[in-house]
Each structure stands twice: as structure tokens, then as C-alpha cells.
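Here are some friendly notes to read alongside the model.

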Amino acid sequence: MKSPSVYKIASALDRKFKSEEVYAHCDIPCGIYDPYAAQLAAHTVIRMDMLIEELGKSQVMDTESRNKMIRYVEVKEQHAENVKHEVRVLWGDYFKPEHAEKFPELHGLVWEIMKKASKCKQGTGIKESEELLEAVKKMAVIFWKTKGVDTVEAKSFYPTERTFVYPKV
Amino acid sequence: MTLEIIKMYKIRDRSMEPALHEGDFVLASSIPLLISGPKKSDIVIAIDPEKKMKIIKRVSSVENGKVFLTGDNSRLSTDSRNFGYVDASCVISKVVIEIKNK
């Protein structure tokens, strides 16, 4: 019914009696997911640990150095949190029950990443941040496998000099 | 089950475009469902099996007491493609009149 007057009557009734709303809803399944961001964040955590270690060796801790140190720690903290966020999005929004069936290690891996990212916040050890990156890369491999895409592990061109899992295109 | 002789609903969101836009109204009734059950291509009011809220979707197939509900605007719709077939008893009423703004 496309009569403006009928719509006006319906609107008037709605104003007076407040008709119930019914949802033609959408959770925006945008379908845009990529394990790239989680890996990028994990690389940043490693890089911050490297810088922290380097600065820690310095004999002088003047204001300038302290400022640097605080900035490194802050970025490390933020990016460890970014890893957790990105992985949670993939886990909660992208992965489906059939993926978890096919890759039974998935839930354990997510849990491991959460724990490892927190570990990286607590400490400054490069070993911990490397382990975080390794776990995130495992998840990236699973992600691409669920799409039937092969992966390749290649050197990143970041100062971390660690690797990255890319889709083989 | 909920019985609605006739009830007016206001549309929220966009998953039923182009048939129904946000802000349009519909009149829905349970009576056609009592007579012949939900039929393919009916626009119906149903209970979302996961979120328990009332949704409006189109019946795209009916099988053994279960219905597959989809939004006309498939790119912007969360429906049976996400939550699967729903029990026909989740379908409350059928849209009998659409009242559109434009």
C-alpha cells in the first residue's frame, strides 16, 4: 500500500499507541577478516621488547631515556592488547563451529594467544613476544586454510626480522 | 503460541529492502497461518531463535514443520543462513498489508 494518507494514519497511530518494532535485522556480516593485523601487532610487541632491551643496556637513564622507555612500554602494552582484540574478532566473528571441528586445536590456540599476550604485557622478554608471534602465525595458517588458501611463511621487512604468514596468491 | 488477530508493526533496519524500508509499517495477522501455515514467499513476523527478538523475514522454503527465513536484502541480512531452519511455531504472524512511506 503506497498511499501517503494511509502512511500518515499509520504514523499517527504509531505516535499515539507506539506500535511494536520488528527487526529486519543484520549483524553486518561484512565478511572482511584478515589475520594480518594480529601478526602486525605481534611484530610490534617484539620490536618494542628489542628497543627496551637495547635502552636497558644504556648506562645513563636521563629524562630523555626514561621518556623513550615509557613510550616503548606503552606501545608494547597497546599492541599486545591489539593482538588480543584482533584474535578475539577472528575467533568470535569469523570462525564457525565447522572450522573448530576441522581444526580442533583452534580454541586452545586462542586461549594460548590470550595468555601469551598478557605475558608480554607483564614482562619485556623477547622470548615471550616471539612465542606470541608464533602462536598468532599458527592461527593465520588455520584462517587461510578455512578459506582453502595455501600460505607461505616469509620474511617480513620489518626491523624485527621475523617472519609473517601470507596467503599464497 | 502467540495469537495476533491483527497487529501493526514498525520496521527497523534494512534487511527487507526493497520490499520494506526502515520506518514502514505492516499489519500482520496469525489467522492466515492458522488456516494454511507459513507458505513460501510469505513475509512473516517470527521469533529469532538466538536473540529471542521479533524479526521480519520472507519464508524461502518450508520443510517438515520448519521454515527457512531470509531477508530480501541478502547482503544486509542475518537470517536462516546464519541460524538455520526455525520451527514453524516460531512464526507468529503473516504480513497482510504493507504500509510504505515512499
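The points below go through each chain in turn and then the contact between the two.

1. A word on conventions to begin with. This is a predicted model, in which local features need pLDDT of at least 70, side-chain atom pairs count only at pLDDT 80 or more, and totals for chains, interfaces and linings use all residues. Residues are numbered from 1 along each chain as its sequence is written, while chains are lettered from A and ligands numbered from 1 in the order in which they are written.

2. Chain A first. You will find 6 helices and 3 strands in chain A, where helices (H or I, at least four residues) and strands (E, at least two) are DSSP runs, numbered from the N terminus. Along the sequence, the pattern of chain A reads α-β-α-α-α-α-α-β-β. Of the 169 residues in chain A, 27% are buried; buried stands for 20 or more other C-beta atoms within 10 Å of the residue's own, exposed for 12 or fewer, and partly exposed for anything in between, with C-beta atoms placed from the backbone. Taking the contacts in chain A with a separation of 6 or more, 62% are between residues 24 or more positions apart; a contact means that the two C-beta atoms, placed from the backbone, lie within 7 Å.

3. Now the pair α2(A) and α6(A). Helix α2 (residues 36-57) of chain A packs against α6(A) at an angle of about 170°, with the axes 9 Å apart. Axes here are lines fitted to C-alpha atoms, for helices over the stretch in contact, and angles run from 0 to 180 degrees between N-to-C directions. The two helices, α2(A) and α6(A), are therefore roughly antiparallel (angles over 145 degrees count as roughly antiparallel, under 35 as roughly parallel, 65 to 115 as roughly perpendicular and the rest as oblique). Among the residues making this contact are A42(A), V45(A), I46(A) and M50(A) of α2(A), together with L132(A), L133(A) and V136(A) of α6(A). Sorted by class, the contact of α2(A) with α6(A) has 10 nonpolar, 3 polar and 4 charged residues. In this scheme Ala, Val, Leu, Ile, Met, Phe, Trp, Tyr, Cys and Pro are nonpolar, Asp, Glu, Lys and Arg are charged, and the others, Gly among them, are polar.

4. Helix α6(A) has another partner to look at. The axes of helix α5 (residues 106-122) of chain A and helix α6 (residues 126-146) of chain A come within 9 Å and cross at roughly 155°, so α5(A) and α6(A) are roughly antiparallel to each other. Residues meeting here include L109(A), I113(A) and A117(A) in α5(A), and L132(A), A135(A) and M139(A) in α6(A). The contact of α5(A) with α6(A) divides into 10 nonpolar, 1 polar and 6 charged residues.

5. On to α3(A) and α5(A). Helix α3 (residues 63-94) of chain A and α5(A) pack with their axes 9 Å apart, at an angle of about 170°, which means that α3(A) is roughly antiparallel to α5(A). Contributors include A80(A), V83(A), V87(A) and W91(A) of α3(A), along with V110(A), I113(A) and M114(A) of α5(A). This contact of α3(A) with α5(A) has 9 nonpolar, no polar and 4 charged residues.

6. Chain B next. There are 2 helices and 7 strands in chain B, arranged from the N terminus as β-β-α-β-β-β-α-β-β. Buried residues come to 37% of the 102 residues of chain B. Strand β1(B) runs antiparallel to strand β2 (residues 25-29) of chain B, joined by 4 bridges, and M8(B) stands opposite L27(B) in β2(B). Strands are paired if DSSP finds at least two bridges between them.

7. Do have a look at I43(B), in strand β3 (residues 43-47) of chain B. Is I43(B) buried or exposed? I43(B) counts as buried because 20 C-beta neighbours lie inside 10 Å. Leaving out residues up to four places away in sequence, I43(B) touches A19(B), I56(B), R58(B) and V95(B).

8. Finally, the contact between the chains takes 25 residues from chain B and 17 residues from chain A. On the chain B side, the elements giving two or more residues are β1 (7-12), β4 (54-63) and β7 (91-99), and the largest share, 5 residues, comes from β1(B). The chain B side has 13 nonpolar, 5 polar and 7 charged residues. Strand β1 (residues 20-23) of chain A runs parallel to β1(B), joined by 4 bridges, and V22(A) stands opposite I11(B).
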